[in-house]
Amino acid sequence: MSQEKLRIAIQKSGRLNEDSLKILKDAGISIDNGKEQLKASSRNFPLEVMYLRNGDIPQYLRDGVVDVAIIGENVLIEKGNDIIQGEKLGFSKCRVSLAVPKSMKYTGIQDLDGKRIATSYPNTVNEFLEKKGITAELHIINGSVEIAPNIGLADGICDIVSSGSTLFKNGLKEVEVMLKSEAVLAISPKISEERKTILEKLQFRLKSVLNARTSKYILLNAPNNNLENIIKLLPGMRSPTVLPLAEEGWSSIHTVINEERFWDVIDELKQNGAEGILVAPIEKMVL
């Protein structure tokens, strides 16, 4: 009898596809991936990958055609808010925003009342405008919505924004951020108990990779007379490792710090007499 496999959907092409394959690879999952394949299997983990259009993935999850998916949170909010959301994966970060022509004098959301907005996110826009008490006419477009104001189809647009360069090139300015998004692991409500067991193993691996990506391993030399202050700055996973150096009055400290606090911590360590600070990336972090 063949082993049960977890079926995971990822975007067919583009940045989300590349980042999804990379996190699976970092989690030790090898995928036999040929060109133009719609389906591929892992040779060292019970996983089958299906390459699908991003907008179709919520329906495949709902129907139980796939068990899990790596998908943009923005797509899940728009088309699959009934689907279970698992881990946030830390990549493909963007905003879903409203934008208007640069020439428009914009003082607040009330300026969009009665206006025409082009978007491929009608549910997200409707919900946002409803909360604000604004009524607008929506033009649903699949594809490049940025040109809509230039061709007279709309007064503004709602779209995903990463750097803002596409808006700038089309003479638009971002005026309202409706939501912030990143890639997430989405789970089908129809996943079987047997496949849930495989999913738990996958989630364990993904968490180890994500913990490593947001942490740094740090080694430093500290004067013993300031050891207590320095240890307070370094929480570590449980507590820092402290080892005596050959030179009397000094110790070596090893620990892990969160990347977000990294430079602030380094500055404080130096102020407290820390020297020889070495920083190394972490490949995996199993907690």
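A: Buried means under 20% relative accessible area, exposed means over 50%, and partly exposed lies in between (1.4 Å probe, protein chains only). Helices (H or I, at least four residues) and strands (E, at least two) are DSSP runs, numbered from the N terminus. The model is predicted: local features need pLDDT of at least 70, side-chain atom pairs count only at pLDDT 80 or more, and totals for chains, interfaces and linings use all residues. Residues are numbered from 1 along each chain as its sequence is written, and side-chain values use heavy atoms, with hydrogens and water left out.

Start with strand E3, residues 47–52. In E3, 6 of the 6 residues are buried, so the rest of the structure largely encloses this strand. In a regular strand, side chains alternate between the two faces of the sheet. Both faces of E3 are covered. Leu47, Val49 and Tyr51 are buried on one side. Glu48, Met50 and Leu52 are buried on the other.

Now its partners. Two strands pair if DSSP finds at least two bridges between them. Strand E1 (residues 6–11) runs parallel to E3, joined by 6 bridges. Ile10 stands opposite Tyr51 of E3. Strand E2 (residues 39–41) pairs with E3 in the antiparallel sense, over 3 bridges. Here Ser41 stands opposite Glu48. A hairpin of 5 residues links E2 to E3.

Step back to the whole chain. It is divided into domain 1 (6–90 + 183–212), domain 2 (94–181) and domain 3 (215–281). These bounds come from an automatic or database domain assignment. The centres of domain 1 and domain 3, taken over C-alpha atoms, are 38 Å apart.

Next, the charged pairs. Side chains of opposite charge can pair when their charged atoms come close. A salt bridge is a side-chain nitrogen of Lys or Arg within 4 Å of a carboxyl oxygen of Asp or Glu. The whole structure holds 16 salt bridges.

One of them joins Arg15 and Asp19, at 3.3 Å from N to O. Both residues sit in helix H1 (residues 15–26), 4 residues apart, which is about one turn of the helix. Arg15 is exposed, at 58% relative accessible area. Asp19 is buried, at 13%.

Another salt bridge links Arg195 and Asp67, with the closest N and O atoms 3.5 Å apart. Arg195 lies in helix H6 (residues 193–213) and Asp67 in the loop between helix H2 (57–63) and strand E4 (68–72), so this pair ties together parts 128 residues apart in sequence. Both ends count as buried: Arg195 has 17% relative accessible area, and Asp67 has 1%.

A further pair is Lys284 with Glu283, where the closest N and O atoms are 3.4 Å apart. Lys284 is partly exposed, at 37%, and Glu283 is exposed, at 64%. Elsewhere, salt bridges that share partners join Glu4, Arg7, Asp67 and Arg195 into one network.

Finish at the surface. Ile147, Ile151 and Leu153 form a nonpolar patch there, with about 260 Å² of accessible area together. Patches use residues with over 30% relative accessible area and no salt bridge; like charges are joined within 9 Å, and nonpolar side chains (Val, Leu, Ile, Met, Phe, Trp, Tyr) within 5 Å. Accessible areas come from the Shrake-Rupley method with a 1.4 Å probe, and for residues only the protein chains shown count as cover. Ile147 belongs to the loop between strand E8 (137–140) and strand E9 (156–161). Ile147 is partly exposed, at 41% relative accessibility.
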